[in-house]
Amino acid sequence: MLCAADSESPSTRTVLDVVAGDGTAAPALPASASRMQPNHQTRHPRMSDPSKLLLAARDVSKSVSGPEGVLDILCGVSLEVRRGESFAIVGASGSGKTTLLGLLAGLDLPSSGQIELDGQALQELDEEARARLRRRLVGFVFQSFHLLPALTAEENVMLPLELERQREARPRASEALAAVGLGARRRHYPAQLSGGEQQRVAIARAFVHGPRVLFADEPTGNLDQRTGEHISELLFTLNRERHTTLVLVTHDQHLAARCTRHMELEAGHRLDAEARVA
Ligand SMILES: Nc1ncnc2c1ncn2[C@@H]1O[C@H](COP(=O)(O)OP(=O)(O)O)[C@@H](O)[C@H]1O
Ligand SMILES: [Mg+2]
């Protein structure tokens, strides 16, 4: 497949751009959030029913210019994610997973193709409108947590609410931390927390404003197996109990297998059987 090439380079977004939330307060995650439970979601809404689609990418390509010339990172990728689904993006390192996740979350624009998030064509929105849409709909969990080191766990989780001048930021952050089992560590700084605990703070920050879709880039990638299972459980509990749509990048076959559907990338191309359907 021919890949579009242009000179646009991906812009770097700050964590603050991504974590900011809006006024749609969501109900607190039940206390069971941090307990191990299997994901029983099996219903598959019919494909291409627009009312059920939360996310659609059509023929998306991304190219960047560098000293070696143009690099095609993604080539004609299409996909659909329905509301309430859990969707995994798998593939070897360097296959374009993180780039695709950033495009789907509206952090960056494709070189060609279209992405619709909750019925909004991202390429038709200016930077400010995309930021507003992200704040309203999106939670993002970065692979390396991206917590602000000078802020406590609670202050990190308060950020999305404070940036949108929402009330009750502290009690809501505290509630979100309790839901991920870190109620007793609210006043600890990231450096005083283990990797798994930092990831739980990052997840609390990603869902505190009740996003419709939560993107997570290799959420278990830096964690030992047991901690990773705990984090997966937390994500699937959000999916099951709050109907938060999940879009995960993962190397973890168990995690991918738990998702409603998954797709595979290889060198920027979608490989799996659904590639032509989406
Ligand atoms: N801003 C960029 N400039 C140049 N190359 C990039 C940029 N972002 C990603 N790449 C390259 O694109 C390829 C895919 O990267 P990435 O999306 O991070 O893959 P993955 O997450 O699957 O490991 C890699 O070869 C990476 O080096
Ligand atoms: Mg990556």
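Me: How many residues does helix H6 have, and what span does H6 reach from its first C-alpha to its last?
Reply: Helix H6, residues 195-207, has 13 residues and reaches 19 Å from its first C-alpha to its last, close to the 18 Å expected at 1.5 Å a residue. The expected span of a helix is 1.5 Å times one less than its number of residues, and helices (H or I, at least four residues) and strands (E, at least two) are DSSP runs numbered from the N terminus.

Me: What kind of model is this, and how is the numbering done?
Reply: This is a predicted model, in which local features need pLDDT of at least 70 and side-chain atom pairs count only at pLDDT 80 or more, while totals for chains, interfaces and linings use all residues. Residues are numbered from 1 along each chain as its sequence is written, and chains are lettered from A and ligands numbered from 1 in the order in which they are written.

Me: Back to H6: is it mostly covered or mostly exposed?
Reply: H6 is mostly covered, since ten of its 13 residues are buried, where buried means that 20 or more other C-beta atoms lie within 10 Å of the residue's own, exposed means 12 or fewer, and partly exposed is in between, with C-beta atoms placed from the backbone. Among the buried residues of H6 are Gln 198, Arg 200, Ile 203, Ala 204 and Phe 207.

Me: Which residues have the most contacts inside the largest nonpolar core?
Reply: They are Leu 104, Ala 204, Phe 215 and Val 247, in a core of 70 residues. A nonpolar core is a set of buried Ala, Val, Leu, Ile, Met, Phe, Trp, Tyr and Cys residues joined through C-beta atoms within 7 Å.

Me: And what does Phe 215 touch?
Reply: Leaving out residues up to four places away in sequence, Phe 215 touches Leu 101, Leu 104, Ala 105, Val 138, Phe 140 and Val 247, a contact being a pair of residues whose C-beta atoms, placed from the backbone, lie within 7 Å.

Me: New topic, what surrounds ligand 1?
Reply: There are 14 residues around ligand 1, and the closest are Ile 73, Gly 94, Lys 97, Thr 98 and Thr 99; a residue is near a molecule if its C-beta atom, placed from the backbone, lies within 6 Å of it. Strand S1 (53-66), strand S2 (69-82) and helix H2 (97-104) each supply at least two residues of that shell, and H2 gives the largest share, three residues.

Me: What is the order of the strands in the open sheet?
Reply: The open sheet of six strands runs S6-S7-S8-S3-S9-S10, with mixed pairing. S6 and strand S10 (269-270) stand at the edges with a single partner strand each, so one side of each is left without a neighbour in the sheet.

Me: How do S9 and S10 pair?
Reply: Strand S9, residues 261-266, pairs with S10 in the antiparallel sense over two bridges, and two strands pair if DSSP finds at least two bridges between them. Leu 265 stands opposite Arg 270 in S10.

Me: Which phi does Glu 168 have, and where is Glu 168?
Reply: Glu 168 has a positive phi of about 60° although it is not a glycine, and Glu 168 is in the loop between H4 and helix H5 (169-179). Glu 168 is exposed, because 12 other C-beta atoms lie within 10 Å.

Notes:
Two residues are in contact if their C-beta atoms, placed from the backbone, lie within 7 Å.
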